[in-house]
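Colleague: Could you walk me through reading this one? Please keep it brisk.
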Amino acid sequence: MPIQCKYKLQHLVLAVALAVGCVEFSLAEQPEPDAPVAKEVKTRSPRTPPKVKPAPLLMAETVSEEKIAPPPQALPTSTETPTPPLHAADDLHAKRVATTKSGSALEESIEKPTPPAQPVLTEAPATPESKEVPTSGNAAIDALLAADEYTATLAYFQLAGGSNAKLANATLSSVTPVSASLLSAMHQLDNAHDSPGNSPRHTTGNADTGRVWLQALGHSGKLDREFEPMQHSTKGLLLGADWRLDETWHLGLMGGTSDTRIDSNELDGDLDSWHLGAYALSQTGPFSLRLGATWSRHEGSTRREVAFGRFHDRLKGNYQASTQQAFIESGYNLGRANVSIEPFASLGYQRYQRDGYTEKGGDAALKVHAQSQGNFNTTVGLRMAKISTLDNGMRLTPRFSAGWKHVYGETYTSTRQRLVTETEDFTVYGAELDRNSLTLDTGLDLAVSSSHTLGVGLSGEIGTDSRNHGVSGQWRMAF
């Protein structure tokens with residue numbers, strides 16, 4: 001019995017120990033099902049770095065950072081690359097800011113030298129300071145290419161020198177009164193020598209005599225008055241003589257000199273001229289035939305000022321030119337006694353020739369090539385005159401004529417030229433000749449005696465684009 005109780009007590013103690021162990025074991029096992037808590041603790045533990053996953057993530061982040069970091073540096077350079085070579089010149093050429101024909105011609109001539117700026121585009125990212133890239137060896141062009149749009153428009157107009165093409169029309173206008181003077185001299189001899197004593201012819205002398213005449217000229221006009229007008233004024237003196245060859249023909253010679261002043265917004269100039277001429281008159285009854293030809297030599301000088309932005313040049317040029325004129329006119333006198341009413345028609349020709357020349361004064365100077373042009377013209381009209389004898393024996397003859405003039409052929413005037421350096425030849429156009437115009441002439445002659453006559457006259461030519469008017473005074477002596 002005692003032995004049995006002993007074993008039972010031991011068994012009881014073992015059972016209690018086992019029970020206590022089971023309870024502790026169960027208490028120790030209870031936190032394990034709460035996985036989130038265990039995981040949060042494990043993520044914060046220092047054992048996480050050795051894990052394989054975080055390493056690729058760090059590599060990916062560094063790679064992505066390397067890929068993203070360069071673009072911010074490349075973007076500014078790529079956007080700034082086109083801007084340095086896009087100097088004002090490139091924008092201006094793209095916009096074509098020249099507003100005149102002459103300026104557009106110059107613009108085209110200097111577009112070809114500008115492409116060398118393109119190679120700078122490849123170097124611009126490395127050297128963003130390459131904005132100041134010289135485009136030519138001409139200071140005028142460099143200043144033009146660096147100008148803004150408004151300044152460039154003015155620069156194209158000034159550098160083109162379009163007024164050089166107007167010198168032809170200004171010169172032809174200045175010599176028109178010379179041929180008109182020959183006609184005026186012949187109009188005093190175009191009546192039959194056996195007409196009554198108070199006929200217009202006898203106001204200058206007897207039919208069997210010759211005469212000498214002296215005429216002073218004052219002539220002015222405006223070309224292209226609507227756009228870029230050019231004014232010209234001429235003063236001159238002509239001396240002529242004519243004599244009778246036979247019952248039908250009279251022959252005359254003329255010589256003279258004149259000075260012309262040219263003025264425009266772009267160009268000023270002077271023109272010194274010498275004139276030679278010959279004329280002939282044939283008269284059969286009321287029918288008259290008049291022929292004349294003149295040759296003139298001109299020495300001209302021009303002055304231009306080119307100023308835009310910070311660029312400024314004063315340019316001078318000297319040139320030589322010549323003009324030739326020829327005409328033939330026929331008229332039929334319908335009047336009687338002391339009244340003359342004559343319808344007339346004429347055919348004329350004018351030619352202008354100028355040698356080439358080069359301006360001096362800076363990089364804006366132009367090399368102007370030779371120029372020539374010629375035009376035929378016809379004029380039809382009516383001429384009237386009436387002689388009145390005063391109480392003191394002097395004879396007063398008022399006269400008037402009007403005609404319609406038509407020009408044939410090309411009416412535009414042009415010349416080829418270029419800047420002395422860094423441009424190709426380009427063409428500039430001057431004022432257009434009026435295709436049709438109205439000519440007027442009126443005057444008053446006073447025969448002081450049978451040998452001496454004084455006269456004064458006004459003349460004008462009115463066209464669409466130009467106006468010309470003149471005044472003349474004449475003294476005639478018969479012998």
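Modeller: Residues are numbered from 1 along each chain as its sequence is written, and side-chain values use heavy atoms, with hydrogens and water left out.

Colleague: What is the mean pLDDT of the protein?

Modeller: pLDDT is the predictor's confidence in each residue, from 0 to 100. Its mean here is 78, and 70% of the residues reach 70 or more.

Colleague: Over which residues does pLDDT stay under 50?

Modeller: Where pLDDT is low, the predicted coordinates should not be read in detail. Residues 31-90 stay under 50, with 24 contacts (heavy atoms within 4.5 Å) beyond four places in sequence. Residues 191-207 are also below 50, and have 47 contacts beyond near neighbours in sequence.

Colleague: How many aromatic pairs does a search of the whole structure find?

Modeller: A pair of aromatic rings is described by the distance of the centres and the angle of the planes. Rings of Phe, Tyr and Trp (its six-membered ring) pair if their centres lie within 6.5 Å; planes under 30 degrees apart are stacked, over 60 edge-to-face, the rest tilted. The search finds 3. Phe 308 and Phe 311 have ring centres 5.4 Å apart and planes at 35°, so this pair is tilted.

Colleague: Which residues lie nearest the centre of the largest pocket?

Modeller: A pocket is an open set of points on a 1 Å grid over the protein atoms alone, where a 1.4 Å probe fits, with protein on both sides within 12 Å along at least five of seven lines; lining residues have an atom within 4 Å of a point. Lys 101, Asp 224, Phe 227, Tyr 429 and Gly 430 lie nearest the centre, among 14 lining residues.

Terms used: This is a predicted model: local features need pLDDT of at least 70, side-chain atom pairs count only at pLDDT 80 or more; totals for chains, interfaces and linings use all residues.
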